[in-house]
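This report describes selected local features of one structure, together with the surroundings of its ligands. The sequence and the model are shown first.

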Amino acid sequence: MAAPTRDVLYYDESQRTPLTPYLPSQILSSSSSKPHVTLTFATSLDSSIALAPGTQTHLSGPSSKAMTHFLRSCHSAILIGVGTALADNPSLNCRLSGVGGYGGSGLDNQPRPIILDPSARWGDLEGRKVIQLAREGKGKAPIIFFRRDVWEERMGDEEFRERMKVLEECGGGYYLVAPAKGEKFAWVDILGGLKEVGIRSVMIEGGGAVINELLGPENFPLVDSVIITIAPTWLGRGGVLVSPEERRTNGVQVPVGRLTDVKWVPLGEDVVCCGRPNLNG
Ligand SMILES: NC(=O)C1=CN([C@@H]2O[C@H](COP(=O)(O)OP(=O)(O)OC[C@H]3O[C@@H](n4cnc5c(N)ncnc54)[C@H](O)[C@@H]3O)[C@@H](O)[C@H]2O)C=CC1
Ligand SMILES: Nc1nc(O)c(N)c(N[C@@H]2O[C@H](COP(=O)(O)O)[C@@H](O)[C@H]2O)n1
């Protein structure tokens, strides 16, 4: 069945050009050990991505929302942490006119949702939008990254086996990783895993924990492009902050990171900041 028109987003051809230098190139060398990584999110003027932990806040205006969906159409996967999956119940598909399920054929240009859920917290798959959309042919089904030991233990449990069946029946799957620290995976392992399952480019959308990890000095070099929507609003204290851990050199506090090749693109009332990690700055 055709998608209702109100769901479909449009993003003008002329607005796409400024973003081109930050997008994954169509030809990625097979020798690259990781996919192209675009880190992207929407923030307030006081660096909050949500009003409070566990809640969803709409920051992007209509034009920057359409831009986000254009970005989704340019990547083979979208990745989020389970905190976002639980808080937002997101669709994680691309609702741009002309992509598969929204006027295009099959699942053309639909990204694969990836959820980092090391401890298997994301349950109730029947109630998840991403699962419904996969069944309706309007998006791909997710691949969940679990801790290997947690997955092995949980497979002893009937409810979890049923969950895996639901996932596989709608075309999704799972990938098992050994944690590097606590429940967390090393980002090189996550990106290596994505490459192994055939992902050539990934758009990492959040949430707070994921973004702050990637902005840290160890992981920032793994990021190829950063595309941030800044909305003209302050959310106030108590929100989900983008603020990576402080960094010290010889005991002196120094900036954590900086962008280079920067471009600012006004979109409606928002402004979009594009750049690449400045690894010398
Ligand atoms: N404004 C925006 O653009 C966005 C806002 N959000 C907001 O962010 C909030 C959610 O953020 P958080 O609670 O910080 O959750 P999160 O989405 O960053 O998920 C955190 C969880 O993901 C898993 N995880 C993270 N890094 C991992 C790693 N290296 N290895 C294995 N597992 C890992 C862990 O289980 C961790 O507890 C929500 O309120 C959501 O609405 C989320 C995405 C975008
Ligand atoms: N670009 C952007 N702007 C906002 O204002 C947001 N709150 C988000 N959140 C991210 O988008 C996901 C929701 O996606 P669907 O519309 O449900 O497909 C949400 O889970 C965050 O990752 N992004």
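Asp261 is placed in strand β12, which spans residues 259–267. In this predicted model, the phi angle of Asp261 is near 50 degrees, a positive value in a residue other than glycine. Asp261 is partly exposed, because its relative accessible area of 42% falls between the limits of 20% and 50%.

Asn250 likewise has a phi near 50 degrees, positive although the residue is not glycine. Its setting is the loop between β10 (247–249) and β11 (252–254). With a relative accessible area of 77%, Asn250 is exposed. Most residues other than glycine have a negative phi.

## The cis peptide bond

Gly206 and Gly207 are joined by a cis peptide bond, with omega at about 0 degrees. Gly207 belongs to the loop between β7 and α8. Most peptide bonds are trans.

The shell around ligand 1 comprises 28 residues, of which Ala42, Thr55, Thr84, Asp88 and Phe185 come nearest. By class, this shell divides into 14 nonpolar, 8 polar and 6 charged residues.

Backbone atoms take part in several polar contacts with ligand 1. A nitrogen atom of the ligand lies 2.7 Å from a polar backbone atom of Phe185. Oxygen atoms of ligand 1 are also involved: one is 3.3 Å from a backbone N or O atom of Gly81, and one is 3.4 Å from a polar backbone atom of Val82. On its own, ligand 1 has 870 Å² of accessible area, and the protein covers 88% of that area. Two or more residues of the shell are given by each of β1 (36–43), β2 (48–50), α3, α7 (187–196), β7 (201–206) and α8 (208–214). The largest share, 5 residues, comes from α3.

Ligand 2 has 16 residues around it, and Leu59, Ser60, Arg72, Ser91 and Arg95 come nearest. The shell consists of 5 nonpolar, 7 polar and 4 charged residues.

Side chains supply polar contacts with ligand 2. In the side chain of Ser60, an N or O atom is 2.6 Å from a nitrogen atom of the ligand. Arg72 places a polar side-chain atom 2.8 Å from an oxygen atom of ligand 2, and an N or O atom in the side chain of Arg95 is 2.8 Å from an oxygen atom of the ligand. The accessible area of ligand 2 on its own is 510 Å², of which the protein covers 85%. The elements that contribute two or more residues to this shell are α2 (62–73) and α3 (82–88).

Cys170 lies in the loop between α6 (158–169) and β6 (173–177). Cys170 is buried, because its relative accessible area of 13% is under 20%. Apart from neighbours within four places in sequence, Cys170 is in contact with Ile131, Ala134, Arg135 and Ala141. The C-alpha atoms of Cys170 and Lys140 are 8.5 Å apart, while the two residues are separated by 30 residues in sequence.

## Annotated domain

An unreviewed UniProt entry places the feature "domain: Bacterial bifunctional deaminase-reductase C-terminal" at residues 35–272. Over residues 35–272 the chain is 26% helix and 26% strand, and the end C-alpha atoms are 23 Å apart.

Key. Residues are numbered from 1 along each chain as its sequence is written. Chains are lettered from A and ligands numbered from 1 in the order in which they are written. This is a predicted model: local features need pLDDT of at least 70, side-chain atom pairs count only at pLDDT 80 or more; totals for chains, interfaces and linings use all residues. Side-chain values use heavy atoms; hydrogens and water are left out. A residue is near a molecule or strand if one of its heavy atoms lies within 4 Å of it. A polar contact is a pair of N or O atoms within 3.5 Å; within protein, one must be able to donate a hydrogen and the other to accept it, and residues adjacent in sequence count only if both atoms are side-chain atoms. Accessible areas come from the Shrake-Rupley method with a 1.4 Å probe; for residues, only the protein chains shown count as cover. Helices (H or I, at least four residues) and strands (E, at least two) are DSSP runs, numbered from the N terminus. Ala, Val, Leu, Ile, Met, Phe, Trp, Tyr, Cys and Pro count as nonpolar, Asp, Glu, Lys and Arg as charged, and the others, Gly among them, as polar. UniProt positions are given in the numbering used here, feature names are shortened, and annotations may be inferred rather than shown by experiment. Buried means under 20% relative accessible area, exposed over 50%, partly exposed in between (1.4 Å probe, protein chains only). Contact means heavy atoms within 4.5 Å.
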